[in-house]
Amino acid sequence: MPLLTLLRTALVALACLFAATALADPVDDALSRFAGGSFDETQRGIQELAATGHDTAADVIGALAAGNLLFRASDRAIFYRDGDGTIREARSGEPAEVAAAALKPVRVNNRIRRAVESAMGALTLMSPDPARRMSAANATFRARDPASLEAIDAAMERETIAGILDVLEQARAAILLGNPDASEADKLAAIGILRERGDQEALNLLRTVPASAPASLREGAAAGIAAIERRQAFIARGQDLAFGISLGSVLLLAAIGLAITFGVMGVINMAHGEMVMIGAYATFVVQQLFRTYAPGLFDFSLLVAVPVAFLVAGAVGIAIERGIIRWLYGRPLETLLATWGLSLVLQQTVRTIFGPTNKQVGTPSFMQGSIDILGVSMTTNRVVIVVFSLAVFAALLFVLHRTSLGLQVRAVTQNRRMAASMGIRTDRVDALTFGLGSGIAGMAGVALSQIDNVSPNLGQAYIIDSFLVVVFGGVGNLWGTLIAALSIGIANKALEPYAGAVLGKIILLVMVILFIQKRPRGLFALKGRAVEA
């Protein structure tokens, strides 16, 4: 009888043991591995915890990557510190009353960080938010962890958005290409998928195919590398063209006002760059008012800044023409020296009012981000500036060809004495033209405030290039200014990859000088008796 009781007791104990084993919580098992002290155990803990899909899994794994996953040596309990510095229990996520001195951080290295990136990607592959799924798919592509294959396959079965499905296929291909257990057929298919992706990461992956690989894999990888390199060369040229157009639009804005003042009055205005600077500071002031009194309407600040900058810079320009320039007509050297001195005065005035440091000018939400066309990427604010500069150009053409002021400006440009004899008040036209050119320079300052530092020296960076555009295009010719600005901008960006920024500018300057030697009046010379005399 005692023997029977002993056997019964043993059976009950074994049953309890098996039940406990069967009912063991996989979350607790995964968490316990983080206190093991070895990187292998930590990596297994990451994979097992991610596989459970527990509510706190993402928080715990994210805390590990940030160095905020902690364990207590006395009982191997796991905690993590959140973004607010609160220590929480790893399983429940509830705040924990525990002495920080009793906790030690779980060690991490590069292998653990890659495992974390892969696990975080797998955790969000099933997210209902498409943006999070796309982010997770990109994360798994970068991590290339073989343990993510099952999660990728499951996500691909459920995914309905083509773009995300493509990235998942690329992530799977990246993993299979580096997996020694994958078949040759799978690796060939992976090479084809990576070739279609066509970016630098795909190129780097194809270059990892070893020389000892089968001939079909080496040939496929070589063909893929060549195709991607051709595509990247094409994209690079397209990128140079996009940057050149962007630079040309900036030069157009900075030079178009100078083109009409130089063309009408023959004045070499060295203070034109300071009109650009005034427009940029007008933008800063407008945005400060919006931040103070109407922060919710900040996105409209640039729309208000454009007319404000035009009026402020235009008023300053009229004051300069009435106070200084009108007394110096026909004396180009004195005009140059006077406006150069005036530029120094304006710079120092701005330093006195606003200080010498750069000022922060915000970018509205509709101008943030980037636009990608056929692999060529361009920031949205630069695209808006290109459109804005063309709109200003079109508006100026309308003013010059469809208004009485424009008719008088063109008459004075072609033959000042004849225009005066026909009753046109040339002094009034000079003042309004100088104000118009300065106002346009002020609007250029609004645009430049989005891509350059707003400082007292802002205009100095563009004054030489502006004169170069005006002379190259033909003095007083707006179409010549447009073509010259775009040509110089594109040529500048095309030379930079080969000659560098500084040497490229020098080469471009020499080329323009040689062109002016051949055609002193520029690309498009104005027609008229007085002009041709």
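E41 and R44 lie 3 residues apart in helix α3 (residues 39-52), so about one helical turn separates them; helices are DSSP runs of H or I with at least four residues, numbered from the N terminus. The model is predicted, with local features requiring pLDDT of at least 70 and side-chain atom pairs counted only at pLDDT 80 or more, while totals for chains, interfaces and linings use all residues. Residues are numbered from 1 along each chain as its sequence is written, and side-chain values use heavy atoms, with hydrogens and water left out.

The side chains of E41 and R44 form a salt bridge at 3.9 Å, N to O, a salt bridge being a side-chain nitrogen of Lys or Arg within 4 Å of a carboxyl oxygen of Asp or Glu. Salt bridges link R33, E41 and R44 in a network. E41 is partly exposed at 24% relative accessible area, and R44 is partly exposed at 39%; buried means under 20%, exposed over 50%, and partly exposed in between (1.4 Å probe, protein chains only).

In total, 15 salt bridges are present in the structure. One of them joins R72 and D75 at 2.7 Å, N to O. R72 is partly exposed, with 22% relative accessibility, and D75 is partly exposed, with 43%. In another salt bridge, the closest N and O atoms of D82 and R88 are 2.9 Å apart. D82 is buried, with a relative accessible area of 18%, whereas R88 is partly exposed at 23%.

Methods. Helices (H or I, at least four residues) and strands (E, at least two) are DSSP runs, numbered from the N terminus.
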